[in-house]
Amino acid sequence: MSLENTLSEMTHLDRGATLAPGERIADRYEVIRHLGTGGSSEVYLCSDLEQPQREKIAVKLMSHSEEELFGPGVHEVNVARFLDEVKISRILSHPNIIQVHELIRTECSLAFTMEHIEGDNLAELIASNSSMPIANSLYIFREVAKAVSFMHSLGIIHRDIKPDNILRAHDGRVKVIDFGTARMEGSLGIQGEIAGTLSYLSPEYLKDGQLDNRSDIYSLGMVAYEIVTGSLPFTCGGVIQTLQMRLSSDPPAPNKKNCLCPPELSNIILKTLERDPEQRYQNAAQVIEELDRYFPEVPVKSEATSISRKNSSKSQESTALPTEKANQGFLQRVSNKLRLIFAE
Ligand SMILES: Nc1ncnc2c1ncn2[C@@H]1O[C@H](COP(=O)(O)OP(=O)(O)OP(=O)(O)O)[C@@H](O)[C@H]1O
Ligand SMILES: [Mg+2]
């Protein structure tokens, strides 16, 4: 589907209200429920009417902003970006990256189908559970680092690694989503713009538009910081003040904000957040190596990790104990490992 064809066949634009259960996309995908809203899309859980036996899928439907409906050129850029998102996502086949299936053309928009993840995005998890157990934070950190390492190995920079773009399934799986701003390393990108989300962008990208893999490493560090401490490093003051602090000061150590955070983990996070990209980990494989060195992989049980914002207080009680136990077990293993290293 070329950009020219797509644009010429999209005869009218419609901002599109949120679809209700039972409504259809492209006469084929029946909406079961709304899953999420992004800056440029709505995502729905759907059944495929042509293959009713197939597992339920997620459909991301491009929505049109006011600016796009009336601003010249904006529509073309957004359509090109959406097509790129599908193209790039389909190159990526990895357990920690969402699997995208097909591009769909609707009467006045575009959509694509992908695997559905039953769970929450990390932003929802952070909001509902400000003190996530360290074992869980570490697990998510490593899984996202694996996804980042894989996409970088194929020359793809995500540019928008942030909690909203990371899903955690109820069974514990972690998936990076939303390649809407991703681009191939070295390519100019659409109109050479700065894309991504302000709070997670690297200092060099913010200041000079300088972009390489290390920018994603910084954003990965921001996510790790947030899940370990419950907040971003600089939150005082307004947006400008916060940005200035990010450009000019080092973040407070995560273990100062959360005393349960082991110093080694705190140091790894701080190294991902070095303001000078030369001082940062140079690739995500180095981050994984460091994590493996101090914290051998620990499988986290689903019941210990499925913390839903929709949980009643009763069900929260029932998840608290196994989570705590998992955490204690993990800390025990970590301190054993540290003792071994120390003995060596
Ligand atoms: N495959 C999926 N399974 C379950 N939920 C999903 C899936 N894909 C997206 N979502 C939900 O929909 C939300 C929006 O999706 P996505 O980030 O892809 O949209 P976007 O318009 O590109 O967002 P942005 O504002 O980052 O540009 C996600 O944060 C997530 O909660
Ligand atoms: Mg998103």
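**Terms and their grounds**

Analyst: The shell around ligand 1 takes at least three residues from each of domain 1 (3–115) and domain 2 (119–326), with domain bounds from an automatic or database domain assignment. This is a predicted model, in which local features need pLDDT of at least 70, side-chain atom pairs count only at pLDDT 80 or more, and totals for chains, interfaces and linings use all residues. Residues are numbered from 1 along each chain as its sequence is written, while chains are lettered from A and ligands numbered from 1 in the order in which they are written.

User: What makes a residue count as near ligand 1, and how many residues surround ligand 1?

Analyst: The C-beta atom, placed from the backbone, must lie within 6 Å of the molecule. Ligand 1 is surrounded by 21 residues, the closest being Gly36, Gly38, Gly39, Ser41 and Ala58. Strand 2 (29–37), strand 3 (41–48) and strand 4 (57–62) are the elements that give two or more residues to this shell. Strands here are DSSP runs of E with at least two residues, and helices are runs of H or I with at least four, numbered from the N terminus.

User: How do the residues of the shell around ligand 1 divide into nonpolar, polar and charged?

Analyst: Eight are nonpolar, nine polar and four charged. Ala, Val, Leu, Ile, Met, Phe, Trp, Tyr, Cys and Pro count as nonpolar, Asp, Glu, Lys and Arg as charged, and the others, Gly among them, as polar.

User: What makes strand 5 and strand 6 a pair?

Analyst: Pairing requires that DSSP finds at least two bridges between two strands. Val100 stands opposite Met114 in strand 6, and the two strands form a hairpin with four residues between them.

User: Why is helix 5 called roughly antiparallel to helix 7?

Analyst: Helix 5 (residues 134–153) and helix 7 (residues 213–229) pack at an angle of about 165°, their axes 10 Å apart. Axes are lines fitted to C-alpha atoms, for helices over the stretch in contact, and angles run from 0 to 180 degrees between N-to-C directions. Angles under 35 degrees count as roughly parallel, over 145 as roughly antiparallel, 65 to 115 as roughly perpendicular and the rest as oblique. Helix 5 is therefore roughly antiparallel to helix 7.
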